[in-house]
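Subject: Structure for you to look at

Hello,

Here is the structure I promised to pass on. Please open it first, then read my notes below.

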Amino acid sequence: MSTLYDTLGVKKGASADEIKKAYRKLAREHHPDRNPGDAAAEEKFKEVQHAYDVLSDDEKRKAYDRFGAQNGRPGAGPQNVNFDFGEFNIGDLGDLFGGLFGGGRAQTRGQRQPVRGADVEAEVRLSFEDSLRGAEAKVPVELTVACRTCGGTGAEPGTAPVICPECNGRGVKAESQGLFALSQPCPRCRGNGTVIEQPCKSCQGSGRERRIKTYTVKVKPGVKDATRIRLKGKGEAGSNGGPAGDLVVLVHVDASPVYERRGDDLVVNVPLSYATAVLGGKVDVPTPEGAVSLKIPSGSEDGKLIRIKGRGAPRIGGSGKGDVLARVRIQVPKRVNKKERELLEELQKSSG
Ligand SMILES: [Zn+2]
Ligand SMILES: [Zn+2]
């Protein structure tokens, strides 16, 4: 029968320190943050937590040692022993994982971390022809930039930010609460360490303004609809020395009335008379660089694709071009003249 000591992997006479050490190691190993979606790990984590809850408490441990337990679960012994096993020791956990996983802790030092600027998205629309040729598109982007009036300081020109009198420039305030001194960002300067006494009138002291910048984006020949082009460092400016974000340009390509794009190939419909489809012949097929005379083999069925090599869309990042695929479309005339009618009736008779 496994005991709470077994759960933690320690001997029955283990010291409080040994128990704590074993618990920390196991709790880290099986913590749900480290094993997302792993039910077994979660179960194990609960067992470890539970074992520690009992064995780290002198009273509970004594009772457990005296009365024992079934399946490692105390409480199955004498009825008058009352454990409270539903509670986890949250304070201890926070202490343990706050440092380990790094998240969630308020920043109290007043140090300002470099923050990368946000990415900005813009869109351009190209005609189908331009998408094949490549294009240079002008992209206006509204960005937050340093205020031109104050140069980004936020202080009225001729004045300067002064050391915060509340925190003497440290950016933090220590607040005494009983035994603990809590460090908090200074409420007056919000951790900056400086305050602006005469805010710049243009930006109301923010040091920033919105401005439209126009970038020129080179779009390579052959670009497909919904392509995203990333321009490094052309997004919002970073703060505290952090890098700027990127400008992401979403390219829309208008549909073509002539071509249907399939990868780098272009499909184009070629209307044929029934006679040409049966007997074969020559037709002019449009391609982006001018019409090509195409030989239609005899007996071409409706929907047949005939490949014209190297006349399609330029391959992005590769060499050469895709193909044009001529798709045979057999035209059925709505009306025929007398002569045609006679010939067709004759044809109908002979083919049964
Ligand atoms: Zn300003
Ligand atoms: Zn301050």
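C203 counts as buried, at 6% relative accessibility. Buried means under 20% relative accessible area, exposed means over 50%, and partly exposed is in between (1.4 Å probe, protein chains only). C150 is buried too, at 11%.

A word on the source. This is a predicted model: local features need pLDDT of at least 70, side-chain atom pairs count only at pLDDT 80 or more, and totals for chains, interfaces and linings use all residues. Residues are numbered from 1 along each chain as its sequence is written, chains are lettered from A and ligands numbered from 1 in the order in which they are written, and side-chain values use heavy atoms, with hydrogens and water left out.

**First zinc site**

Which residues hold the zinc ion (ligand 1) as protein donors? They are C147, C150, C200 and C203, each through its SG atom, lying 2.3 Å from the ion. Donors are N, O and S atoms within 2.8 Å of the metal (3.2 Å for Na, K and Ca); water is not among the atoms, so sites may look incomplete. The site is tetrahedral, with angles of 101 to 115° among the four donor atoms. Four donors count as tetrahedral if all angles lie between 85 and 135 degrees. Along the chain, the spacing is C-x2-C-x49-C-x2-C. C150 sits in the loop between β4 (135-146) and β5 (162-163), and C203 in the loop between β8 (194-195) and β9 (208-219), so this pair ties together parts that are 53 residues apart in sequence. Strands are DSSP runs (E, at least two residues) and helices likewise (H or I, at least four), numbered from the N terminus.

The zinc ion (ligand 2) has C164, C167, C186 and C189 as its protein donors. Their SG atoms lie 2.2 to 2.3 Å from the ion. The angles here run from 103 to 115°, which makes the arrangement tetrahedral. The spacing is C-x2-C-x18-C-x2-C. C167 is in the loop between β5 and β6 (172-177), and C189 is in the loop between β7 (180-185) and β8, so the pair links parts 22 residues apart in sequence. C167 is buried at 4% relative accessibility. C189 is buried at 3%.

**Whole protein**

The protein has eight helices and 17 strands. Buried residues make up 34% of its 352 residues. The mean pLDDT is 84, and 86% of residues reach 70 or more. pLDDT is the predictor's confidence in each residue, from 0 to 100. Over residues 70-110 it is below 50. Where pLDDT is low, the predicted coordinates should not be read in detail.

**Cores**

A nonpolar core is a set of buried Ala, Val, Leu, Ile, Met, Phe, Trp, Tyr and Cys residues joined through side-chain atoms within 4.5 Å. The largest has 39 residues; V141, L247, V249, V285 and L294 touch the most other members. β4 gives the most to this core, with six residues. A second, separate core of 17 residues includes L4, I19, A27 and V48.

**One loop residue**

A244 lies in the loop between β10 (227-231) and β11 (247-253). A244 is partly exposed, at 28% relative accessible area. Its C-alpha atom is separated by 8.2 Å from that of D119, 125 residues apart along the chain.

Best wishes

Notes. Tetrahedral: all angles 85-135°; square planar, octahedral: opposite > 155°, others 65-115°. Contact = heavy atoms within 4.5 Å.
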